[in-house]
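Here is a protein chain to explore together.

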Amino acid sequence: MSKKQLKNADYMINQFCKKHQQQMSYATRHSMSARLKTIYRDLDHLGCNKLPHLKNIKQKHIEQLVEHWKKSGLSAGTIKNRMANIRFVCDVYGRSTVVKSNDDLGIERRSYIPTENKAVNELTLDNINDERLRMSLELQQQFGLRREECLKIKPLQAYRETGANTHYLKLQASWTKGGIERIIPITTPEQLKTIKKAMNLVGKESMIPKNMTYIERRNQYDDLTHRAGMKNLHGLRHAYAQRRYIELTNYHTKGNGWRSPIDGGPKRNELTPDQKCIDKMVREVISYDLGHSREAIVKNYIG
């Protein structure tokens, strides 16, 4: 495929994603655009360079792609994400029947059972000189926020107080993945101190400097944290979930709670019937706190 053809393909994909932007968040649209461009280039690599548009993709093309991705060593999760985007395109053009199920395509089921604890419990900010970024990272740690959320959040707007000892954050839909607003309770002095510190720092503004777009700030976040030697910052969410698990099991047992399985606590088959009921309730709460729609995802964080 010539450079001109690739440029035309990129334009076609950008226009497609723009046309359907109301059906997805900015981050989702950006990810879909990048994946669709990768898919188109993979098709070209496989000799399907006469495919005029992704809407013309056929079953044989999809089977070739899946086989190519498997041989390339891509994870089941990555392949499923790409397949989800192909399905979206085919659904839009009324061609959903050309896409077989993941099982029929031989794509392994994604496992949500972690084998290692990815929690990041310590946050060293000595090498981060950007005050707003330091604050974003503190918010990310204390409230288990995603990267996008800790940058887009407007602390003054998010903070709510309904009584002397009742505080929470209300995350606006435009700040969150999937555009779903949620409430995160403030349950510790450290959390309250952090959000008030953030409010004092930026006032009514978001954590993104006025002269920057979200994408520019996200790229700067990645660059500065990488230079500071900070890796796997998503692990801050894992640590939050594990702290929350102890906190909630303590609440439901009047101080006799326990750690999550990935954090050295008992496995589910080691719990009493009453403890299993508490475990289920706690997982549902943590799933909501993290902004996930499925309780099963919480296994990634707490085992």
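The report below begins with the whole chain and then visits some of its parts.

## The chain as a whole

What you see is a predicted model. The chain contains 12 helices and 3 strands, and its C-alpha atoms fill a box of roughly 65 × 55 × 35 Å along the principal axes. Of its 303 residues, 43% count as buried.

The largest nonpolar core has 46 residues. Leu137, Ile153, Leu169 and Ile286 are the ones with the most contacts inside this core. Apart from it lies another core, made of 28 residues, including Phe16, Leu51, Leu54 and Ile86.

Let us look at Ile286 and one of its partners. Beyond its neighbours within four places in sequence, Ile286 is in contact with Ala241, Arg244, Tyr245, Leu248, Val298 and Ile302. Val298 sits in the loop between α11 (273-290) and α12 (299-302). Not counting residues up to four places away in sequence, Val298 touches Arg283, Ile286, Ser287 and Gly303. For a sense of scale, the C-alpha atoms of Val298 and Leu54 are 35 Å apart in space, and the two residues are 244 apart in sequence.

## Helix α5, from start to end

Helix α5 has 13 residues. From its first C-alpha to its last, α5 reaches 18 Å, close to the 18 Å expected at 1.5 Å a residue. At its start, a side-chain oxygen of Asp130 comes to within 3.0 Å of the backbone nitrogen of Arg132. After the helix comes Gly144, with a positive phi near 65 degrees.

Why can we call α5 largely enclosed by the rest of the structure? The reason is that 11 of its 13 residues are buried. Among them are Arg132, Ser136, Glu138 and Phe143. The cover over the buried residues of α5 includes the helices α6 (147-152), α8 (189-202), α9 and α10, along with the strands β2 (166-171) and β3 (182-186).

## Where α5 meets α10

Two packed helices are described by the angle between their axes and the distance between the axes. For α5 (residues 131-143) and α10 (residues 235-252), the axes come within 7 Å and cross at roughly 35 degrees. On the α5 side, Leu137, Gln140, Gln141, Gln142 and Phe143 take part, and they meet Leu236, Tyr240 and Arg243 in α10. The residues of this contact divide into 4 nonpolar, 3 polar and 1 charged.

Leaving aside neighbours within four places in sequence, Gln142 is in contact with Thr188, Glu190, Gln191, Thr194, Tyr240 and Arg243. Over in α10 you can find Thr249, which is buried with a relative accessible area of 0%. With the neighbours within four places again left out, Thr249 is in contact with Gly257, Trp258, Ile278 and Val282.

Asp222 belongs to helix α9 (residues 214-227). At 30% relative accessibility, Asp222 counts as partly exposed. Which residue does the side chain of Asp222 join in a polar contact? The partner is the side chain of Arg147, and the contact is 2.9 Å.

## Positive phi in two loops

Most residues other than glycine have a negative phi, and most peptide bonds are trans. Asn232 has a positive phi, near 50 degrees. You will find Asn232 in the loop between α9 and α10, where it counts as partly exposed at 43% relative accessibility.

Lys254 also has a positive phi, near 55 degrees. Its place is the loop between α10 and α11, and at 80% relative accessibility Lys254 counts as exposed.

Terms used:
Residues are numbered from 1 along each chain as its sequence is written. This is a predicted model: local features need pLDDT of at least 70, side-chain atom pairs count only at pLDDT 80 or more; totals for chains, interfaces and linings use all residues. Side-chain values use heavy atoms; hydrogens and water are left out. A nonpolar core is a set of buried Ala, Val, Leu, Ile, Met, Phe, Trp, Tyr and Cys residues joined through side-chain atoms within 4.5 Å. Buried means under 20% relative accessible area, exposed over 50%, partly exposed in between (1.4 Å probe, protein chains only). Contact means heavy atoms within 4.5 Å. Axes are lines fitted to C-alpha atoms, for helices over the stretch in contact, and angles run from 0 to 180 degrees between N-to-C directions. Helices (H or I, at least four residues) and strands (E, at least two) are DSSP runs, numbered from the N terminus. Ala, Val, Leu, Ile, Met, Phe, Trp, Tyr, Cys and Pro count as nonpolar, Asp, Glu, Lys and Arg as charged, and the others, Gly among them, as polar. A polar contact is a pair of N or O atoms within 3.5 Å; within protein, one must be able to donate a hydrogen and the other to accept it, and residues adjacent in sequence count only if both atoms are side-chain atoms. The expected span of a helix is 1.5 Å times one less than its number of residues.
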